[in-house]
Amino acid sequence: MDQGQRILQCLQHSVDTSNAETIRAAEAQLALEAQQPGYGVVLCQIALSSGAAVPAHLRQLAAVLLKQYVKAHWQEGERGFQPPEASEADKQQIRAALPAGLMEPDSKIRTAVAMAIAAVVSWDWPQAWPGIMEFIVNSIKDRKDANLLMGCLRCLSVIASDLDNEQAPQLVQALSPELCSVVCHPSTPPAVAATCFSIMAELAGALAALSGTYQRQVRQMLVPLMEPWLPLVCSTLTSDIKDRGGWAPKCAALRLAHPLVAYFSKPLEAGMPQLMGATWQLLLAAQPLHQSILVEGSEEEGMADDEAGAAAGGEEEPVGLDSLLNQLFELLLSFVGPSRFRRQLEAALPQMVYVAVAYLQMTQDQAEAWAASVNQFVADEEEDMISCRASAELLLCELSEDFGSPALSAVLEAVSRRLAEADAAAAAAAAAGQSGAAAAAGSWWAMREACIMALGACSDQLVQAVLGQSLSAQQMQQVLDTLLQRDLQPLLQYNITQHQQQQQQQLQLGDEGAQFVAGRALWTGAKLQEVATAQQRELLLRAAATAVITNASGPVTISAFRALAMLCPATSPGQLQPLLSPLLGSLVTLLAAAEEESLHLVLEVLEAVIAAAAAGGQGGLSPEQAMAVAQPVLQAWVAHTSDPLISPDAQAVIAAIAAHPACLPSLAAAAAPTLAGILSSGAAARQAKRQGLRPRLAAAAAAAAAAAGGAVEEAPMLVEASLDLLGTLLQPEQPAVAAELTRGILGPVLHLLLASDDPSELNSAAQLLLQLLRCCPTADLLSCNTTSSSAATAAGPSAADGSAGVLPHLLAVARQLTSPSQPDSCSMGAGPLLVQLLKTFQQQLSAPAPAALLAAAGSSAAAAAAAGSSSCVALLLHDVAAKLASGGCSAAVVASLLEFVVRLALLDGQQLLELLAGMALQQPDGSSTTGLAVVIPLWLEHTPDLSGSLLTRQNAAALLQLLQLRHHPGLASLMVQGQPIEAPAAAGGGGRVTRAKAKQQGGLQYSQVPAPAKVLQVLGQLLAAEAEGASAGRARGRAGGAPWELAGGDNDDEDYEDDDDDNEDDEGFESEEEGGAAAAAAAAAGDFSSPMAGMKLKGVGLPPELVTKGLDMEAMLNRSEATTPLPEDPADATDPLLRTSIRSMLRQGLGALAAADPGFMAAAAAHVGPGRELTALQQLLAAPSTHVGPGRELATLQQLLAPAAGEQR
């Protein structure tokens, strides 16, 4: 059996639906044959075989497989290529044979061959197959063979969508005249004309969307080619709309018209009015068909004959009226916006809006689908962007936005006219009774619903017009009265109390149409609430609540959900309170029965109702009501943690309940066991995985932990979502609740941090632990029991029985997060956590570390800790320095860890330097270094990354502390990176170092400067950044915008005026010697236990009130307290540094420094060279100050900095 017979037999077996095994064997054999030479040639021969030897369906299958073969084996190195590549001989045979298949009488085979040719063209034209386009163009020009013409057009329609920027211009220049002549010919079938329009639309759209110089060239080439098409488009659009066979060419002509309007309206400006007229005529002519076929549902009448006519002569699917209308509205929208069409559109606004409202009617198919399925109604309301109804809504919105008051007046007039027509149709329907005449009049409600929807679609513009006084508020209130008195009256008349007492069933609002109208009235009324009267808002709220409480029909209830979500935020407590209890009860019932598509709506309403109840004071949400809601919401949250809509909405409901102080204790008590169980289960599973246990054992461990905590089986993202949810339950205002929560969840959180290696989980858990430390009283934290195998193993032997308390576990977590082996993505929260540990357990961490903990820390860390009086602080600092020394840390991680270093410097800078100088660290290249040589350069380099209002000021104060300690041997001898070294002029033609020059020299070269001099420069950077932030804030203020803040900057116009601090004088400052003695004494004592109020800042020139009583606000407050952003930690809100500008801090600190050591200032200025930093410092000290006075120290510093600043200028 030769290759051809084998392949034909495989094709036969592959379509044998009676035996699945035969099909699989045939497919496997074909895959093997594809690896052999000649496979593509055989497929081509089978596809083109004539007579009855090969059935048509096998020929079509062969052509389809040939297209797949070309895509996979034709061009090596291209995407999707699979070896082996077809030989050049096979390629030539296939290229020579395929064009004959375009004459095939069978349309399916002809289409399959055309697609195979298009696949070859994408690789070989024009280089390897230059004659194919000439063949196609000549065939179209001759038009002697109808089959060949359709085959060529079908081939072109596939090719046109897959051409590159070089191929498309060649093709469009050759094709455009020939396709135009085909469309112009009176005997051209509609399907052929539609294909020609589609090809040109594809080519014109792709080429016109190009950019740059090439775009202009291509557009100039396209303009003369497009001019003949414009009359063809217009004549096609104005042809008889009742001929359904013409819908396909109309739809394709609209597709071509869109790029003509979008890209060629200026060069084709003379023909644009004609095109607008044709489009308008089509819009008017199609509206009766839309009414009869889509709205009233008579589409089946005569469809068989018309579909046959639409598809005659082509392979295209028949075009429906909805598709045609979508293309029509897309073209109409392209006219809205450009100024050249504005005059014509404005003149036609009243009639255009009037017609558009009719297109807003829901179709019979939509009404049936939405009445049968609430989920379908929800999905279409939220996501429908392609229906005629959605397109008409978008057109009304665009017209209202672009034309303002004239368009809004047209909308109100059109709605009034259409409502009158709907009322007349309703009266006709009532008069007709059950007669056949009622069929046409029975859709009155669809027009009324469309009118109400038009008002809701333009609600934003209507509200703005009322607020801007270009539209009467009374006019909109009359509209709302109409909705309330007619469409929502059944809901307003219903007795909710009686409904509750008698446990009545679902409220019936009448027929299907009345339900849709009532639901739309609720939605529109809520969107217009901003211009409603107080009574109207109350009635809207009661109507929406009644629909939910009585469980009205699906569309009404869904619309009531949306209305309540909009109404509740503006509702007063007195209006909501009578409805609260039954409303919550109904929402909980609906929550249990809701499916995924509508579940997020129920949760959204619950959040809005509960948040609105929070304003009710004593009459707000009760703990019993909160618990009735919380339990089912928690269940919904657990079941949908990975759902991007439901999970955040459920968490928002929990957060809204937690915002009620009276409800938080019971909510936390109810949620904690479930959430703790989830965390315990997740920690056990991750620990088992980390220890290499078999999956079955890991699952067993997780199941055991879940059983102990009462948790359910873990779902995707459940652990991370649980951490986020717990964060909403922790509030600093309720420390007792935080303490109770901490006792239940601290252990699982710590165990998860020690067991997990997932970055998202670790960062979420670290953030939650940070909240626990901030919210829970220290005594309660120390009393927590965290005994667990995972935690005990990491924390050391003394923690195995829980005797060591919580601190070893916390230290174990902190040390693991700062481990050099930990990826950066897992260490993002390490710095803030270390700072919070220091703030919460400052006294405990200052004490000597337990021996067991030192033993578990490793020899190098233990040695470092021993050098620092064996304190836990020294141990943590060593871990931070080792992490930084490991290299490769991202800027975010470095900045995070530097927060801890800044905090230590504020507490005791001398001790910090001693500890860092005594650390022996290993760098990635194996060399040894000290902690000082690692941390200080990174600190100075990454100071811009230390952002935040308080942290910026703390960093400035800490750097001033370093300057005070500049004589420390390690700091004084430390050299750090300075400025880039400029190349000599003779070496490279100039001193400026470009990237190219730097690359030739092996990278940029930097000078080395003493660390204290670099500190001075960095302080200048902070000052300059604050000045820029203040300048930007003032500029925005003058422009009427909100003040913009740079972290640590000031915002008012007084920032750089003279300070007025009459209560401060030089007596509040110690000399350098006094400050140094105090620092040395503190270092000798190893004192990290002093609180923040005892920071050693007096030596750098800050007033003693900062240490003892806090700052004099009149003297130091350069920004308004109201505009100062509060830090994340509420305890930091009272930090005096938060109310101190960097400018004030540096003026005092550097003034005292210049007086004490003028030689250092001169040397520092010489080292760092000219720059904006020194200029900023000069300007700072040039201004008179009552803090230090205009004495010799300021004059000296100004004189020292003046030369450098002068060079900069």
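**Entry 1: a glutamine to start with**

Is Q954 buried or exposed? I looked this up in what is a predicted model, and Q954 turns out to have a relative accessible area of 9%. Buried means under 20%, so Q954 counts as buried.

Next I checked where this residue sits. Q954 belongs to helix α50, which covers residues 949-964.

**Entry 2: the whole chain**

I stepped back to see what surrounds that helix. I found 61 helices and four strands in the chain. The chain has 1209 residues, and 53% of them count as buried, Q954 being one of the buried residues.

I also looked at how contacts span the sequence. Among contacts with a separation of 6 or more, 75% join residues 24 or more positions apart.

I kept the confidence values for last. The chain has a mean pLDDT of 80, and 76% of its residues reach 70 or more.

Which stretches should I mark in my notes for pLDDT under 50? One is residues 434-441, where the model has seven contacts beyond four places in sequence. Another is residues 694-713, where I noted 21 such contacts. I have marked both stretches, 434-441 and 694-713, for their pLDDT under 50.

Terms used: Residues numbered from 1 in each chain as written. Predicted model: local features only at pLDDT ≥ 70, side-chain atom pairs only at ≥ 80, totals over all residues. Heavy atoms only, no water. pLDDT = per-residue confidence, 0-100. Contact = heavy atoms within 4.5 Å. Helix = DSSP H or I, 4+ residues; strand = E, 2+ residues; numbered from the N terminus. Buried < 20%, exposed > 50% of the residue type's maximum accessible area, 1.4 Å probe, protein only.
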